[in-house]
Amino acid sequence: MTSSLQVLFEDIDTVKDRRYLRSQLAPKVGEHFAATRAGIFFFDELSDLNPNLQKILNVALSVKHNPVARYLFEHHAPVHEGLVTSPKIWSTICPRADHWHVMAGPIVCRGKLVGAVGCTREKSMSAFDPQNLADLSGICLHLSIWAATVRSQPHFLKTNQLTSRELQIVELVALGHTNAQIGTELWITENSVKQALKRMFRKLEVSSRAEMVAQLSTVQS
């Protein structure tokens, strides 16, 4: 019989984009580990998240204040809070009952940490154990291979690293709309359009609207 871990490996192999990882695969990872919450994050997308969630993740990923995050960044290996600190200290770092037990694993590409898989359990539940870390290591290996494969296919990556709102902006830019016109069309401020374009330029590694449109037009052709 195929184990749930093998099913996860097969799912990762067929993933088409990051949205599927977040919406479909992350819940399955949570189920495998009997976690209260589970998530898959890529660091280059944090600026696109809901401001409240963005604030929470910035704290959670603070190398200075979070020993779990520090271990992840330094070792590129799965870790849970019991490996790096005591329960008493952890309770001061993360007093939330639903994050009493935390486990995180790395998504690595070209020698750099580009994302993470995170799971939490409530205070009343058992802590994560060595077998959980071993399973998470396998999941992270497959996710890292997936990330590296996507990066080796720049056309695939460029369209899938943009949010749905950013793709709307690209379409309007391609039609020759100004920032003000785009803002009016999408019911956002002109400054929001400017900031979005800056993020998009960084993601796509371009320096102008024309270059952005030309690059994505090539992808879609």
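1. Let's begin with His101. Leaving aside neighbours within four places in sequence, His101 is in contact (heavy atoms within 4.5 Å) with Glu81, Cys119, Thr120, Arg121, Glu122, Lys123, Met125, Ser126, Ala127 and Phe128. This model is predicted, so local features need pLDDT of at least 70 and side-chain atom pairs count only at pLDDT 80 or more, while totals for chains, interfaces and linings use all residues. Residues are numbered from 1 along each chain as its sequence is written, and side-chain values use heavy atoms, with hydrogens and water left out.

2. Where does His101 sit? His101 is found in strand β3 (residues 101–109); strands are DSSP runs of E, at least two residues, and helices are runs of H or I, at least four residues, numbered from the N terminus. His101 counts as buried, at 10% relative accessibility. Buried means under 20% relative accessible area, exposed over 50%, and partly exposed in between, with a 1.4 Å probe and protein chains only.

3. The side chains of His101 and Glu81 are joined by a polar contact of 3.3 Å. Such a contact is a pair of N or O atoms within 3.5 Å; within protein, one must be able to donate a hydrogen and the other to accept it, and residues adjacent in sequence count only if both atoms are side-chain atoms.

4. Now for the cysteines. How many disulfides does a search of the whole structure find? The search finds 0, where a disulfide is a pair of cysteine sulfur atoms within 2.5 Å. For Cys119, the nearest cysteine sulfur belongs to Cys140 and is 9.0 Å away. Cys119 is buried, with a relative accessible area of 1%, and Cys109 counts as buried at 3%.

5. Have a look at helix α4 (residues 67–75), whose buried residues are Pro67, Val68, Ala69 and Leu72. At the start of α4, a side-chain oxygen of Asn66 comes to within 2.9 Å of the backbone nitrogen of Val68. After α4 comes His76, with a positive phi near 50°.

6. Another spot worth a visit is where helix α10 (residues 179–186) meets helix α11 (residues 190–204). From α10, Asn179, Ala180, Ile182 and Gly183 take part, and from α11, Glu190, Val193, Lys194 and Leu197.

7. Finally, the whole chain. It has 12 helices and 4 strands, and buried residues make up 43% of its 221 residues. Of the contacts in the chain with a separation of 6 or more, 57% are between residues 24 or more positions apart.
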